[in-house]
Amino acid sequence: MKQTPSHSSSLILVAAGMGTRLGAGIPKALVKVAGKTLVEHAIDRILMVEEITEIIVVTPADDPRMVEILAPYGTALRTVGGGSSRADSVRRGLREVSDHARNILVHDAARAFAPVELYQRVIDALNAGEAAAVIPALAVTDTISVVEPAGEAGVEFIANTPARSTLRAVQTPQGFNAEALRQAHAQLDHYTESELEKVTDDASIVRANGEKVQVVSGDQQALKVTHPEDIDTANQLVAEQDSRVKKSKETMNLPRIGNGIDVHAVSQDPARPMWLAGLHFPEDIGLSGHSDGDAVAHAACDALFSAAGIGDLGTHFGVDREEFAGASGVRLLTEAARLVREAGFEIGNVAVQFVGRRPRFAARREEANQVLSEAIGAPASVSATTSDGLGYEGDGQGITAYATALVFAQHS
């Protein structure tokens with residue numbers, strides 16, 4: 001579990017209800033939506049909220065099925081058997097909350113699809129300290145009327161109709177200052193079982209204990225699964241979420257980065273031509289190697305192969321490949337680019353820096369960039385530096401080239 005005691009929030013997930021109105025014949029939180037139980041949907045989202053450091057799941061009493069389903073979560077949560085009412089279940093969960101909890105959130109597993117942003121909104125408001133309790137709620141769009149108790153004939157009459165602007169549909173998770181919630185629940189000690197059954201909302205308990213309750217914006221995704229038709233709505237919600245995630249993955253084409261390094265010694269043959277970065281430097285002795293010894297081009301090839309995950313220079317242009325004996329660096333780089341594209345990637349760019357005393361490169365940098373860019377079919381840039389007289393590069397005995405390549409998966 002994450003450990004940030006100074007800002008820790010514990011969460012009680014109430015999952016003990018039998019869901020009589022749902023008519024599933026099993027505890028409501030065990031009903032499956034899109035192949036996963038409601039309680040698992042809820043926990044998967046809760047685990048994404050960084051500030052929540054402790055999860056207490058209140059399970060149906062004397063029913064081991066939920067505990068078994070939650071076993072794979074390991075130490076990410078703890079379970080406790082529920083009571084005969086929601087208020088009793090919350091109180092049992094409250095006893096399991098650690099003493100160091102700064103905030104306590106209470107959430108219903110029936111609202112399994114509450115998004116991470118909703119939890120965060122509640123926690124942020126709690127941390128702001130304007131109130132000891134914070135609840136999410138949605139504006140009411142329907143006209144809501146209060147009715148008089150039905151008489152013997154069962155006929156109802158409207159008592160009053162509050163203005164819609166003053167009404168909110170309350171959701172969970174509800175957040176509380178830990179001490180305020182504990183004190184409010186302590187006031188329930190004298191409640192009878194029938195009175196506890198009437199307590200459906202923890203915010204009302206805290207408010208009755210003299211605390212202010214702040215309201216933040218709710219979320220349509222935090223729908224409550226109560227009736228059979230709500231299962232269809234929840235399945236549709238998950239399908240839409242999965243579709244958005246899939247579309248996002250398809251449109252978000254993240255780059256892949258590869259690195260390459262190539263080292264070549266200066267040839268012992270004074271007649272060996274110097275080829276570097278696709279250019280001929282007639283005033284310098286060339287680099288030894290199976291091909292033309294162009295360390296810059298070779299490092300660029302390795303970086304491209306690395307980014308695409310298709311091997312390395314030896315894999316494609318090893319000494320056993322006689323057709324590449326003496327081949328120019330430009331030829332190898334052109335072939336490397338073709339192989340990368342054949343593997344399903346497009347090339348973003350390649351950057352190379354080489355370390356050596358010679359050749360004198362600055363005046364020909366732009367020429368080299370153009371030659372390598374044409375070979376790759378994408379932007380390429382080359383820079384040069386020295387080793388300040390240190391090592392084989394400083395002694396003029398060889399050259400080291402370092403390259404980085406960026407590639408993208410091609411869209412189908």
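Ala378 sits in the loop between α12 and β17 (380-385); helices (H or I, at least four residues) and strands (E, at least two) are DSSP runs, numbered from the N terminus. In this predicted model, local features need pLDDT of at least 70, side-chain atom pairs count only at pLDDT 80 or more, and totals for chains, interfaces and linings use all residues. Residues are numbered from 1 along each chain as its sequence is written, and side-chain values use heavy atoms, with hydrogens and water left out.

Ala378 has a relative accessible area of 8% and is therefore buried (under 20%; exposed is over 50%, partly exposed in between; 1.4 Å probe, protein chains only). Leaving aside residues up to four places away in sequence, Ala378 touches Arg341, Ile347, Gly348 and Ser373, where contact means heavy atoms within 4.5 Å.

## Helices α11 and α12

Helix α11 (residues 329-342) and helix α12 (residues 365-376) have axes that come within 7 Å and cross at roughly 40°. Axes are lines fitted to C-alpha atoms, for helices over the stretch in contact, and angles run from 0 to 180 degrees between N-to-C directions.

On the α11 side, the contact is made by Val330, Leu333, Thr334, Ala337 and Arg341; on the α12 side, by Val371, Leu372, Ala375 and Ile376.

## Confidence

The protein chain has a mean pLDDT of 90, and 96% of its residues reach 70 or more; pLDDT is the predictor's confidence in each residue, from 0 to 100. Over residues 1-6 pLDDT stays under 50.
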